[in-house]
Structures are given as structure tokens and as C-alpha cells.
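These are my notebook entries from going through the model, kept in the order in which I looked things up.

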Amino acid sequence: MKNITLKSIACLLSAFLMACGGKTEKKASETAQASIPETTLEIEKPQLTFGFIKLTDMAPLAIAKEKGFFEDEGLFVSVEAQSNWKNVLDRVIDGQLDGSHMLAGQPIAAGAGFGRQAQLVTPFSMDLNGNGITVSNDVWSKMKPNVPKDEEGKPVHPIKADALKPVISSYKNSGKPFKMGMVFPVSTHNYEIRYWLAAAGIHPGMYTADNVQGQIDAEVLLSVTPPPQMPATLEAGTIYGYCVGEPWNQQAVFKGIGVPVTTNYDIWKNNPEKVFVMTKKFVEENPNTAVAVTKALIRAGKWLDEPGNRAEAVKILSMPQYVGADEVVLANSMTGTFEFEKGDKRSMPDFNVFYKYNATYPFYSDGIWFLTQMRRWGQIPEPKPATWYEETIKDIYRPDIWKKAAKLLVAEGHIPAADIPETDGYKPTTTDFIDGNAYDAKDPIGYINSFEIGNKDNSAL
């Protein structure tokens, strides 16, 4: 193992510069030494390659690299864009990537029996919120008369899928299936658009063990489209709307081809979005490296949520090796606003959250929500006992790693001790959903049974 002795290196550098007698060099060396973190972690694997998809919420990875937080931990990280979420998952499982920005549902599905199976873990939640649902201009023109207006004649938000229901009916009556896109079968986007539709009594379709398309009994046909391709697919008329992360909703506004009608902040206030994932094998073989990576990412999240840093973050994300979108498009959502219909820009300070509200902590309750939706829509085809939900998520979500990292950051003065939550891993029951339904992670079966549309389970399980 490689013992990272950065302070020793700094001291040798300082002594050398002092011997040269330069005051400027002395001051520079003292500044460099002061910035060296107080860490004695033995880094097992300092050279790392991480993956991401070109979305705004990959920001913690970009910031940890560009601001030197990885290097402060003795880590030398390459960050590489990937073509799609399946590729991300496969490359992490196969060891081609040491870790990656990933859909929260991916490590959960991999451990719960849907799709490719593997033992994956997440010690870090990358962000809250950040998604939207966009429809084509034509669909919006038909929805708009069904949306309540305020005194200024602007649409009242949140816009519920009730306004879309008659549009879907008109398509059906003309023999035309209503098609919408989401980014992956186990993505937050799939569950959010399903939740939004079902809350209005629109059936988004079921999965079965034999049918993994998720379109059984569907009134809206949902299919997979990679995030960066969403606007072009909408413009081509292949789909009539989609749920995706930024900047691809604002890109539709920018190009004048679609209108975002709601955000996932309104579907589930301060909902978890992406996670950072490594294999269980990697974490077991490189425990200190996993802690060091988590430290750097927590610092990046904190930096992103500090006042005044978002403009710089937008410039970094606009670089071609990261998201590569126009700064104007990125700034639309990253700087505390969100544009719906062109010109209807509204204040939304919590659209992208990277640190506030304990955003980086991997709460068991967040993971269990995804399991309930997998069961609700049939991706988990058989009923499970309530204990299964807790046992499954505790193998995947690793707050123990997060806590080790956070405590070191407190000792080093990078974060205050108050930012470590006192928790058993479960958030309190919440009704912060677009339909007001209550979610209690400690009663997953009761939650599944509370919905009119979807599977029902025996509470005695």
C-alpha cells in the first residue's frame, strides 16, 4: 500500500525553497503546506478512472477534479464521459471503471434482482432534484387550456398530469399511441414520470418477469432514450415528451422545440437523484481509497452549494470534457432559476442541491423508495416481506463509509460537525409528493398498497 505523506513532501519542498533564500518562494511554500489536508490514510489505489453521463448532476466529480479535492487526498483521477447508462453499469461491474456517477436505481436493481446482477455499493448521494418533464410544443398547446392560470395569465405550478389526460385520450381516439421517453428502466426519471402520470389516473404500464418493456396496460408508452439525445428525439417526433435531467429540458426551451411542464422538485420535494457507485469488491480491497474518494466528493458538494460558486461551476461544466452544453443553457437551472415556457423563467433556488439538506448522505429511506417503485411497477415480480427492503438496501447504501469520510473532514476543518446528521438512516415520514401521499420507509408494503395504480402486496408478509 502507498502511504500518502503529503505533509512530509511539503516540508521537504519548504526546506529546499528556504535554502534558496527567496521570500516569495518561502511564502508560496507556506501557503502550499497550509493547504495540505491532515490525513494519514494509506491509499491502496491512487490511480483511478471514474465515469459519468453528460448531465449537470455529474458536477461533484468535475469539481472534485478541477478544484484539486481528489489530489488533496492523494488521488489521481481520470473522469471519462460514457455513452449511456447501460455502458456505465457494465464498465463498473467489469472493472473498467473504478466508480461512476450512476442512477440511484442502478446499484439497487443490481442487488435486488432486476437486470444485470452484481454487488454494488454507494457511499455518496450526488444531489437532490435536478430533473424535469418536457413535452413538445404541439402537446403543450393542447395541454395549456387545461392548466389553471394565475392573475397574470401564467400557468399555475405545479402542473399535474391531469392537464395531459385529455391530450392522451385524443391521441388514443385517433389510433395514435402516446409515446414519451425516459433515460433507463431503473432511473429516477422512469419512476418520476410514472408517479406523475399515475397520480392523475394515467396508467404508465407494468413490467412482468417475461415482459421487461414496462408497457403492459400502458396508456403512455415509455421507452429509453439517452439523456443527450432527448431534444433531438423530441424534435424528430419519435416521442412527444420526456423526463430527463438538466441541461436537456432547458435545451428544449433554448432550441424552441418543447416546454418543460414540471420538475421533480414538484413531484417529490428534495428527492434523491444520482449516486456515486463502486463495486463491493473494490471497496473491500481498497477501503481507504473509498473513504478518500468520498471525502473529495463531499467537499465538492459543499463547494457547489456555497454562495457565489455556481457561475464558476457553470463554466467548468460547459467544458467539452464534462457536460459540454452552452453556458446559457446550464445557467438556466444551475443558478437558481428554471425556465418553463419560453420567457417564463421562475425562481427555483433548490432545483439543483448538492450539499444542503444532508444531500450527500446515503439514506436507507431514499433507497427503499426506489425498491417500492420497482415492486409497484413489477420490476420486482414477486411480493417481498417488509424486512427484505431494509436488508437489501443495507447491503448497497453505505453510510458507514460516508461517516468515516465526514468525520475526517470535520477534523481537518473542511466541514462543521453539525453537518453530520444524527440519524438511523431513515428520514421522517413525508407527504412532499405531488399527490400528497405519505411515504414511511419503515412501512414499505403499506406504501405500495396506498396507490390506486400498481401492484398490491399482502401486508402480512
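Is Glu235 buried, partly exposed or exposed? I looked it up and found a relative accessibility of 48%, so Glu235 counts as partly exposed. I keep in mind throughout that this is a predicted model.

**Entry on the Lys255 pair**

I then turned to the partner of Glu235, and found that Lys255 forms a salt bridge with Glu235, with the closest N and O atoms 3.4 Å apart. The pair links distant parts of the chain, since Lys255 sits in helix H11 (residues 248–255) and Glu235 in helix H10 (residues 230–235), 20 residues apart. For Lys255 I noted a relative accessible area of 40%, which makes Lys255 partly exposed.

I also looked for salt bridges that share partners, and I noted that Lys86, Asp90, Asp94 and Arg116 are joined by them into one network.

**Entry on other salt bridges**

How many salt bridges does the structure hold? I noted 24 salt bridges in the structure, and I picked out two further pairs to look at.

One of them joins the side chains of Lys45 and Asp98, at 2.6 Å from N to O. I placed Lys45 in the loop between strand S2 (42–43) and S3, and Asp98 in the loop between helix H5 (85–93) and S5, so this pair ties together parts that are 53 residues apart in sequence.

**Entry on strand S5**

Having noted that Asp98 lies in the loop that leads from H5 to S5, I went on to the strand itself. Strand S5 covers residues 99–103, and five of its five residues are buried, so I recorded S5 as largely enclosed by the rest of the structure.

Which strands pair with S5, and in what sense? I found that strand S3 (residues 47–52) pairs with S5 in the parallel sense over two bridges, while strand S13 (residues 274–279) pairs with S5 in the antiparallel sense over four bridges.

The buried residues in H3 are Ala59, Pro60, Leu61, Ala62, Ile63 and Ala64. After H3 comes Gly68, for which I noted a positive phi, near 80 degrees.

**Entry on Lys356**

Where does Lys356 lie? I placed Lys356 in the loop between strand S16 (352–353) and helix H17 (364–376), and its relative accessible area of 33% makes Lys356 partly exposed. Leaving aside neighbours within four places in sequence, I found Lys356 in contact with Leu128, Asp305 and Asp350. With Asp350 there is a polar contact between the two side chains, at 2.7 Å. I also looked up the separation from Phe178, which is 178 residues away along the chain, and noted 38 Å between the C-alpha atoms of Phe178 and Lys356.

**Entry on the whole protein**

Last, I stepped back to the protein as a whole, whose secondary structure comes to 20 helices and 16 strands. Its radius of gyration is 23 Å, close to the 23 Å that the globule rule gives for 461 residues, so I recorded the protein as being as compact as a globular protein of that length. Along the principal axes, the C-alpha trace spans about 85 × 50 × 35 Å.

I noted that buried residues make up 57% of the 461 residues, and that the accessible surface comes to about 18100 Å², with 51% of that belonging to carbon and sulfur atoms. Among contacts between residues at least 6 apart in sequence, 73% join residues at least 24 apart.

Note on methods: Residues are numbered from 1 along each chain as its sequence is written. This is a predicted model: local features need pLDDT of at least 70, side-chain atom pairs count only at pLDDT 80 or more; totals for chains, interfaces and linings use all residues. Side-chain values use heavy atoms; hydrogens and water are left out. Buried means under 20% relative accessible area, exposed over 50%, partly exposed in between (1.4 Å probe, protein chains only). Contact means heavy atoms within 4.5 Å. A polar contact is a pair of N or O atoms within 3.5 Å; within protein, one must be able to donate a hydrogen and the other to accept it, and residues adjacent in sequence count only if both atoms are side-chain atoms. Two strands pair if DSSP finds at least two bridges between them. A salt bridge is a side-chain nitrogen of Lys or Arg within 4 Å of a carboxyl oxygen of Asp or Glu. The radius of gyration is taken over C-alpha atoms; the globule rule is 2.2 Å times the number of residues to the power 0.38. Accessible areas come from the Shrake-Rupley method with a 1.4 Å probe; for residues, only the protein chains shown count as cover.
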